[in-house]
Structure formats: C-alpha cells, structure tokens
Amino acid sequence: MVTKCISGDAWRASMQQPFGDYSDRVRDVEVEKAFWRRVTQEKQSVEPDPYSIVIANKICELLSNEYDIQSIIELGPGWGNYTFKLAELCSRLICVDISQDNLDRLRQIAFKKGISGIETVCCEWENCEPPSCDAIFAYNCFYRMRSIEDCLLKINNCAQKICIIGMNESPEQPFLPALERELGLPVRYTRLDYRHLEIILRELGIVATVIEIPNERVYAYDSMESLLVMAARYIQGEFDKPAAQKILKRYYKIRDGPVVRRHAFRSGLLIWRPSQ
C-alpha cells in the first residue's frame, strides 16, 4: 500500500537536485552500495563521530529510564555511531542497512569488542519484513526514502513500546549562499531535517515529542585544495576555482596545516509511543 500526504510530496520535492532530479545515490541502489563500500574501506577509526556522542547519550537516557527494552531495530546504522550503545541496552539488536559492507564491518567490530546479540539484515527498509520489537531507532538514514510516509508508518507499526527517530538540522555550509550570490552558481543545499519528519508524522496522525540537542561538528581538511574538492560537490557545473577559494577562506581557518571550521547546529529527536 502506498501512502501519500502533502508534506510527503514536499519532502520528495526537497530531495531533488537543483535541476529537478534525484541524485544517483537516491535513484540507484548499486550506486549507494558502492558509496558505502568506499567509505568502509577508507574508515580507519572504530570510534563514533564526536558529534554523535551527545545524541547517543540522550537516546540511552530515554530508553533506560522509562522502558524495559529487550529488543531494538536500528535502521541505517552506517559505521555504528549508535549501534554498540544500543546493544548495551537490550538482548537483541537487529541492524537493517542497505550495505552489506557496513553490516560486515559492524559484526567485525562487535566481535572485537565482545558484544553479542547483534543481528544484521541487508535490505532497504521499504522492502524489509522486520519482526516486532520493543523499540525502533533511526537517525540520519532518511535521505533516500522517497516513500517516506510508508517508511514512517512501518516504523510505527513494528515498534511495541517506543519509536525514536531523528536527523541533524540541515548542516548547510555557510559558504553556499556566497557562492550562489557572488558567483552566480547553482548549488545543492541540504534541505531536509527533523522538522520535515515531524510535519509528516502529524499528517499521518502521529504526534511526536521533539527534543532539540545543541551540537557542534568540526570540519577539517588537509589543505585548501582538499576543501575546494569538497565544496565542488555542492556546485553544479564549471566554476571559477580561484574566486571560489577566495570565498572559502572567509569561513575556514588554517591552523598549522589543516583547514578547520567549527559548525554549530541542532540535532533533533522525535519520540512517540506507537499506535497500531
């Protein structure tokens, strides 16, 4: 059954690129899998990203204080920012991810850490047939979900006690408007965040409690050239590289080699008791 709502249509429109199409990662499952294959090959650290720690701590607080949680489904665990904290809270953790490379890496890390009770399912959530669990957790994994209404309803229907989902506030790089305004460049903005999810849930008849967490992320690059390569991913077409680099220098500082910027943002959690 395909469910659609007005705010879901707005979500799909916001997912699209400046020229009105979805990215290759959204449209093509194999492109998405290849992306995560490269990430797992390049990822050296097994520690969580610093910005995710405050989110993980809040999730543990929520699940530990009010609920007797024995089983959890985690959607889109990626490289495991939250996985091993969740595993400490329950006897059964089911990780659902589109990337087998991600899941294999999680299993390897779990073995090294002596963590048991983690199961993996390689599947898109849209096509997944998960068992009912006490809790479902999903964070920053919605960027490919065009059928967002059905995905959220499945989360609601598969959880017995609590649903916790969320996204970061749109982490717009501050140089994007300047590139757009001063150089006349079409740029790709990150338009989706937790507030969109809240609106869609309300239209589906689900009222979630919103918790906003002040957060910070440090962006660091080896050189201005590396920063320019990153910035180019947000720009459509050819551009004046010296002029773009001049703009980037307003926002990033060079500190003994690396090019660094601290970015303040909010992480949003949406919590609700499932209604069947």
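# Close-up views: figure legends

**View 1. E149 is in contact with T3, K4, C5, G8, D9, R12, I200 and L204, leaving aside its neighbours within four places in sequence.** Contact means heavy atoms within 4.5 Å. E149 lies in helix α7. Helices (H or I, at least four residues) and strands (E, at least two) are DSSP runs, numbered from the N terminus. With 0% relative accessibility, E149 counts as buried. Buried means under 20% relative accessible area, exposed means over 50%, and partly exposed lies in between (1.4 Å probe, protein chains only).

This is a predicted model: local features need pLDDT of at least 70, side-chain atom pairs count only at pLDDT 80 or more, and totals for chains, interfaces and linings use all residues. Residues are numbered from 1 along each chain as its sequence is written, and side-chain values use heavy atoms, with hydrogens and water left out.

**View 2. Helix α7 is largely enclosed by the rest of the structure, because 8 of its 11 residues are buried.** The buried residues are I148, E149, C151, L152, K154, I155, N156 and C158. What covers them? The cover includes α1, β1, β4, β5, α9 and β8.

**View 3. The largest nonpolar core has 35 residues.** A nonpolar core is a set of buried Ala, Val, Leu, Ile, Met, Phe, Trp, Tyr and Cys residues joined through side-chain atoms within 4.5 Å. W125, F142, I155 and I165 have the most contacts inside this core. Eight elements each supply at least two of its residues: α1 (6-15), β1 (71-75), β2 (92-97), β4 (133-139), α7 (148-158), β5 (159-168), α9 (194-203) and β8 (259-272). The largest share, 5 residues, comes from α7. In soluble globular proteins, nonpolar side chains tend to be buried together.

**View 4. I155 touches L75, W125, I136, F142, C163, I165 and W272, not counting residues up to four places away in sequence.**

**View 5. N215 is found in strand β6 (residues 209-221).** Is N215 buried or exposed? Its relative accessible area is 11%, so N215 is buried. N215 touches Y51, V54, I55, H263, A264, F265 and S267. Residues up to four places away in sequence are not counted here.

**View 6. N140 is found in the loop between β4 and α7.** Its phi is near 55 degrees, a positive value in a residue other than glycine. Most residues other than glycine have a negative phi. At 29% relative accessibility, N140 counts as partly exposed.

**Setting for the views. The protein has 11 helices and 8 strands.** Along the principal axes, its C-alpha trace spans about 55 × 45 × 35 Å. Its radius of gyration is 19 Å, which agrees with the value near 19 Å for a compact globule of 276 residues. The radius is taken over C-alpha atoms, and the globule rule is 2.2 Å times the number of residues to the power 0.38. Buried residues make up 47% of the 276 residues. Among contacts between residues at least 6 apart in sequence, 76% join residues at least 24 apart.
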